[in-house]
Amino acid sequence: MKLLYPTSLVIDPSLLEGFPSLTLHSYDVSVPIPAEHSDAEVLVTWANSPTNLRDAVTKLTSLKWIQSLAAGPNDVLNAGFDTSKVKITTGSGLHDRTVAEHTLGLLLNAARKFYEMRDYQLQGKWPGHLGGPQPDRPKGKFTTLRDANVTIWGFGNIAKTVTPYLTALGANVKGLARSAGVRDGIEVFGEDKIPELFAQTDALVMILPGSEATRHALNAERIKLLPKHAWVVNVGRGTSVDEDALVDALEEGRLGGAALDVFETEPLPSESRLWKAPNVIVSPHAAGGRPQGAEALIEENLRRFLAGQELKNVI
């Protein structure tokens, strides 16, 4: 059995050796896969070009399983692989710590206004209004995580990873998901409770996957439910936010700000209203991008694949 792994990140092939009849071959994700590897049964993907994946759809006629290292394998799905014949598994879990760390950074940036300090610095001006004596946790403002009400929409692995960071700094964390319950000690509410939750939210962290069901989940109607001082932080998928409705709220002073790592169109077009909207932090899809523990996930799924067992993170 032939497995192809990408050179777009460092993978130690020695950690995948020892499986009977398995051969490992690296490939360049930016160009079509060489014809000599058309018999590959397993394809590991990371940051593959659309051309590479479209070529693989027709070239890899023996393909049985694709292990994407992305949390959401939209690129693989969009390429056109026949999912009735090819199993597709995601890299869910490989990005939890990096995205959690980035989320914390965006929240602190929003609360402590580092972005505004930087703007003043570039102008050679002293932002005196941001320093010196300040009111402690003023009502109706998001200035600290201590006692802040943080709502996390999409309460999966990343949410479970970032929550301890937030609670350690004194935040009150509540979850929002399709189904209610208690996860890792945090109360998670169903989406029918959005009006009540949003009304008390100081910071809304969105970690929703990209799908038709989540498209513009945060729309104009729901934005109106948030307090005027609330911030929106999106580290999930850009399609989950109606960007025009978001900018309208920011320009009209109906929302405190937005720290966005993902966008409907990437790179963010120069004509996007988000560039000039007040209190917006633009992060260039930088929260993830560093899969951690890829070899362990590939190895575990290889064992399951060879044993005929259910694979981990199957879509």
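Mentor: Start with how elements are named: helices (H or I, at least four residues) and strands (E, at least two) are DSSP runs, numbered from the N terminus. By that scheme, K141 sits in the loop between α4 (114-122) and β6 (149-153). That loop is our part.

First, the ground rules. The model is predicted, so local features need pLDDT of at least 70, side-chain atom pairs count only at pLDDT 80 or more, and totals for chains, interfaces and linings use all residues. Residues are numbered from 1 along each chain as its sequence is written, and side-chain values use heavy atoms, with hydrogens and water left out.

Now K141 itself. Burial is judged by relative accessible area: buried is under 20%, exposed is over 50%, and partly exposed is in between (1.4 Å probe, protein chains only). K141 has 55%, so it is exposed.

Next, F142. Contact here means heavy atoms within 4.5 Å. Setting aside neighbours within four places in sequence, F142 is in contact with L107, A110, A111, A148, D202, A203, H229 and W231.

F142 also belongs to a nonpolar core. Such a core is a set of buried Ala, Val, Leu, Ile, Met, Phe, Trp, Tyr and Cys residues joined through side-chain atoms within 4.5 Å. The largest one has 32 residues, and L107, F142, V150, I152 and L166 touch the most other members. Two or more residues come from each of α3 (96-112), β6, α5 (157-168), β7 (172-177), β9 (186-190), β10 (203-206) and β11 (231-234). The biggest giver is α3, with seven residues. A separate core has 29 residues, including F189, I223, V232 and A258.

Most residues other than glycine have a negative phi, and most peptide bonds are trans. At 24% relative accessibility, K113 is partly exposed. D184 also has a positive phi, near 50°. Its place is the loop between β8 (181-183) and β9. D184 is exposed, at 61%. Then there is a cis peptide bond from E266 to P267, with omega near -5°. P267 is in the loop between β12 (257-260) and β13 (280-282).

H37 is in the loop between β2 (23-27) and β3 (42-45). Its relative accessible area is 7%, so H37 is buried. Beyond its neighbours within four places, H37 is in contact with K2, L4, H25 and L60. I66 is in strand β4 (residues 65-68). It is buried at 0% relative accessibility. With neighbours within four places left out, its contacts are L43, T45, V76, F81, V86, K87, I88 and T89.

Last, the whole chain. It has nine helices and 13 strands. Buried residues make up 47% of its 315 residues. Its C-alpha atoms fill a box of roughly 70 × 45 × 35 Å along the principal axes. Among contacts between residues at least 6 apart in sequence, 57% join residues at least 24 apart.
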